[in-house]
Amino acid sequence: MTTSLSTLDRLRIERAVWTMDTRLQDLPRRSRAARRRELRDNLHAAAADVGARQAVRQLGDLRVLAAGYLAAEYGELARRPSWAAAAFAIFAVEAVMMLVDYVARTAFDAGITATPDATGTFRWAGVPYLTSDATFTYHHGTHTSVGGAWTPLVYVLMFVGAFVAGRMWRLLSASRRQRRRTPLAVGTPGAVDGEGNGGRI
């Protein structure tokens, strides 16, 4: 006996579909869209017979189902890290820092050169927590500078950003899974005593 779906039933189905979608972030965009449509159609068909609540319950653990989709797409590399995302995070931090450094230095220079033919040595305190102090030496309005390096915090932000964006912890979990799958090499009496040498020691 088929039943029409209420608004609550449709919301329950959509919740399951989009919960699954969040667990399939590693899939290509088109593949994720196809999986959403497939899951939604299947849930609507099942809900018409057994109700939306039971149809969603029959999916079981969504983590397991998502893992199956990923394994079908990537095989053994289902839970792989994203090197592209890690590299993008590093470049993003670097680009922001270059912009911040340029703007800060330009503002400091503008303040000094507001006086015509500025001459002397001036200390720039840098950007708090991000760049170190720098010394600007002016001679008739032109200058050279020493210092202003990025602080260790910037490189920490690069590392953390790359680790999180690239999901690098998956390298560790993949290594553990590989060790668990690798059997220990244990010699057997037949191998030691040598079937290959006629059983003689």
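Which are the buried residues of α5? Keep that question in mind while you set up the view. This is a predicted model, in which local features need pLDDT of at least 70 and side-chain atom pairs count only at pLDDT 80 or more, while totals for chains, interfaces and linings use all residues. Residues are numbered from 1 along each chain as its sequence is written, and side-chain values use heavy atoms, with hydrogens and water left out.

Begin with the whole protein chain, which holds eight helices and three strands, where helices (H or I, at least four residues) and strands (E, at least two) are DSSP runs numbered from the N terminus. Followed from the N terminus, the elements run α-α-α-α-α-β-β-β-α-α-α. Of its 201 residues, 28% count as buried, buried being under 20% relative accessible area, exposed over 50% and partly exposed in between, with a 1.4 Å probe and protein chains only.

Now select helix α5, residues 83-113. Its buried residues are A86, A89, V93, M97, D101, A104, R105, F108 and I112, and they pack against β1 (120-124), β2 (134-139), β3 (142-147) and α6 (152-165); contact here means heavy atoms within 4.5 Å. The end C-alpha atoms of α5 are 45 Å apart, which agrees with the 45 Å that its 31 residues should span at 1.5 Å a residue, the expected span being 1.5 Å times one less than the number of residues.

Next, select helix α1 (residues 7-22) together with helix α2 (residues 29-50), which pack at an angle of about 150° with their axes 10 Å apart. That angle makes α1 roughly antiparallel to α2, since angles under 35 degrees count as roughly parallel, over 145 as roughly antiparallel, 65 to 115 as roughly perpendicular and the rest as oblique. To see where the two helices meet, show the side chains of R10, I13, E14, A16, V17, W18, M20 and D21 in α1, and those of R32, R36, L39, R40, L43, H44 and A47 in α2. By class, this contact has eight nonpolar, one polar and six charged residues.

Stay with α2 and colour S31, R32, A33, R36, L39, L43 and A47, which are buried.

Terms used. Axes are lines fitted to C-alpha atoms, for helices over the stretch in contact, and angles run from 0 to 180 degrees between N-to-C directions. Ala, Val, Leu, Ile, Met, Phe, Trp, Tyr, Cys and Pro count as nonpolar, Asp, Glu, Lys and Arg as charged, and the others, Gly among them, as polar.
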